[in-house]
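Here are my notes on this model, as promised. Please read them with the structure open beside you.

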Amino acid sequence: MTKYVYLFREGNASMKNTLGGKGANLAEMTNIGLPVPQGFTVSTEACTRYYADNKTVAPEIEAQIFTALAETEKEYGKKFGDLNDPLLVSVRSGARASMPGMMDTILNLGLNDVAVLGLARLTSNERFAYDSYRRFIQMFSDVVMEIDKQKFHHALEAVKTENGCKQDTDLTAENLKEVVRRYKEIYVNAMGTEFPQDPKTQLMEAIKAVFRSWDNDRAIYYRRMNDIPGDWGTAVNVQGMVFGNMGDDCGTGVAFTRNPSTGEKKLYGEYLMNAQGEDVVAGIRTPRPIDTMKDTLPEVYEQFVQIANTLESHYHDMQDMEFTIERGKLFMLQTRNGKRTAGAAVKIAVDLVEEGQLTEEEAVLKVEPKQLDTLLHPNFDTAALKAATLITSGLPASPGAAAGALYFTAADAAKAGKEGKAVILIREETTPEDIEGMDMARGILTARGGMTSHAAVVARGMGRPAVVGASALHIDEKSKSVTVNGKTYHEGDKVSMDGTSGNVYEGMVATVETAVTGDFAKLMSWADKARTLKVRTNADTPRDTKQGVEFGAEGIGLCRTEHMFFEASRVKAMREMILSDNAQQRKAALARILPFQQKDFEEMYIALEGRPMTVRYLDPPLHEFLPQLGMKDEIAAIAKELGTTSEAIVAKINDLHEFNPMMGHRGCRLAVTYPEIAEMQTRAVIQAALKVRRETGLDVKPEIMIPLVGTVKELKFVKSIVLETAEKIFAEQNERIEFQVGTMIEIPRACVVADKIAEEADFFSFGTNDLTQMTFGFSRDDAGKFLDSYYSGKILESDPFARLDQEGVGSLVKMAAEKGRSARSGLKLGICGEHGGDPSTIEFCHNIGLNYVSCSPFRVPIARLAAAQAAIKEKQAKK
Ligand code: PEP
Ligand code: MG
């Protein structure tokens, strides 16, 4: 019989796949003798089985749950559902990868109308008993029954107001009885039945709710953001309760072994006396810094510091721990590798190597490549910051600079973000429901909550700058406004916020670029040592080229030449070329384009300092350069500029109209129709290369790339133009240069006949944007409109235009790579679609033996790290 339920003492840290992260670590802490309230874990397999069985828990799993429960009862000498001294438990989710704030927790399960009396008698603490009961009703109603938690919040606030209580802790036992009464009333009104009194029913319902929460919208969204497969499922941890809310010698807290914001090696965390866990995380009361515990509970503090050290050296990583103190006794409720900012991640990885805890390669694996993004993006310009008007300050929860317009709800923020607006999400405090709005925001600002509040933890995980607990902010969500120090700001008003200092400023403060230095540079040097895959950049301008080289690019993998003509000063010549009626006119227009193009190439060759550059020949649908038919003024202006009539322009636009421009007259098809374009581009590349080599002595390595090839004859046709033109130039200049002619592989047909194409190509570069478009038959420009339904319908887990569909599109890439090399053994292979900067795709590219990936300049360090991780993982797997 399959084992679905494990006591903590039956597991260990290596069983993450079965027990989830939390369960495996609870087991490990138990094994190394730390004080852990005992309990059991219902496995992730039980969760996947729950879904396979049409969302029911199989009888054999239920039986195993109650057997484990009986063991736990023995451990505590208490009975579940006992009316005098009941065993109470917490029920918490725990997937393989930690998903903070995404899954749900229920505490104090096992209480009912009678057991609460028993608990009160036994602890001689009626207040505590009713406080526990009201929390349980609230959590059960919210998490299991999905009753709006605001209703409970309002009821609690009402009782507080009626009794003149400021804090929750001011509520008396009698007040709390009233809260319980009102909560139960809310339950009956919402559900039409009484609050369930049978603890076994409570337990099974809670377990099912955790299983269900694996598939709520927030979890699905989080998984998509973090590349977590949907079929992993979550485990459920059922653990004996210890109480932080039993009185003034009780408390609860969370702490990190190092500062998760900066990486500083110092215990960092917060705790609250007389409180339960969710009070700390939800930011309802403002907790106290952990080191003040030294004075209030010195012995507990000492013990905690020791445990923290033990755990960090046991896991060789920064730990994020939850603990509870019950009547002066310390219990560990959780440990895990802590989420951290990119800056902290880099510092901690480097420090751990220097402390002898990790090897360089292990350290390289510790940093999430995508996280580096925040280190590569701008910070505020110091001078501009000095001149800015400070609005207020809060806690610096997640570093980085962000500026944008204020939005007061997650939904508004998500909408504005999708419209491409720079958004600052401002909230009283955030909740897991806000995840999408947080993701779409440039920065997150809250009025309440500490460094471990939901906003802080999630923002750090996402790499979004965040300032939390800015308590001077008086937010009115209804009127979408915030008042601070007498001044009111409304939706759409611009602010700037600095997640490193915690300051918030008026207006949009200017930012400056960052550089790869210090620990970051050190980590990257370790990554470079480990990787075999080369990393190039996609760049179309000298500026992008310089940026890419600064970030470590080993060449240009894709220069999209059409992008060089969008600038106003150049588009005229391009239009002349497009509007030409015959080859002669076209050649004349191209002759005007040539100097622009050649000059750009020259500057880029210089910026590359001898690194290779792949120049992709013109590949736009031509109409992109012309105005749309309705734009009468623009058309008249162009007509004037070109010395023709509006009618003539309109006729030409009509002529160029295509029903499906993405599959239209673009790529090598343009060169087939107008060979003079390929001629001009060859002149620009070769003449620039010769000139730069002559003038600088640099070893210039031109690579000419023909796009959108589907048959070898297309490639041959265009290649012959290139070769003939090059020979002409060599004769004219009496000087030669080595160059390569290759092709993009971005049409499914090209993958199928890649061996034939390879006979004519010096290299392949996979254009996975078009290859994805044409393999799925999804329009690159329109798929975003329906992909959301694909995620919620579980048809796709992630955007195939961002993360390579390895099963389908990836198979084509692999096949083309193999076929290509079978025909030409030294064939150079790269990828230059958007996927070239995506870590999971990069790992795939490493595994199928590509030579390089190419991505936008800002993703170059991400790609270097991801390539290193792929190489190290492969090495480790071989051991
Ligand atoms: C591609 O199709 O993947 C590619 C890199 O080319 P473009 O995005 O310019 O079509
Ligand atoms: Mg393409």
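1. Basis. This is a predicted model, in which local features need pLDDT of at least 70, side-chain atom pairs count only at pLDDT 80 or more, and totals for chains, interfaces and linings use all residues. Residues are numbered from 1 along each chain as its sequence is written, chains are lettered from A and ligands numbered from 1 in the order in which they are written, and side-chain values use heavy atoms, with hydrogens and water left out.

2. Glu746 sits in the loop between strand S30 (740–745) and helix H29 (748–752), whereas Asp770 belongs to helix H31 (residues 768–776). The two are 24 residues apart. Helices (H or I, at least four residues) and strands (E, at least two) are DSSP runs, numbered from the N terminus.

3. Ligand 1. It is surrounded by 13 residues, the closest being Arg560, Gly767, Asn769, Asp770 and Arg780. Such a residue has a heavy atom within 4 Å of the ligand. Polar contacts are pairs of N or O atoms within 3.5 Å; within protein, one must be able to donate a hydrogen and the other to accept it, and residues adjacent in sequence count only if both atoms are side-chain atoms. A polar side-chain atom of Arg560 is 2.7 Å from a ligand oxygen. For Arg616, also through a polar side-chain atom, the distance to a ligand oxygen is 2.9 Å. Thr768 uses a backbone N or O atom, 3.0 Å from a ligand oxygen.

4. Second largest pocket. Its lining has 24 residues; Ala342, Gly343, Thr374, Leu375 and Asn379 lie nearest its centre. Helix H13 gives the largest share, four residues. A pocket is an open set of points on a 1 Å grid over the protein atoms alone, where a 1.4 Å probe fits, with protein on both sides within 12 Å along at least five of seven lines; lining residues have an atom within 4 Å of a point.

5. Positive phi. Asn274 has a phi of about 50° although it is not a glycine. Leu708, also not a glycine, has a positive phi near 55°. Asn274 is buried at 15% relative accessible area, and Leu708 is buried at 0%.

Note on methods. Buried means under 20% relative accessible area, exposed over 50%, partly exposed in between (1.4 Å probe, protein chains only).
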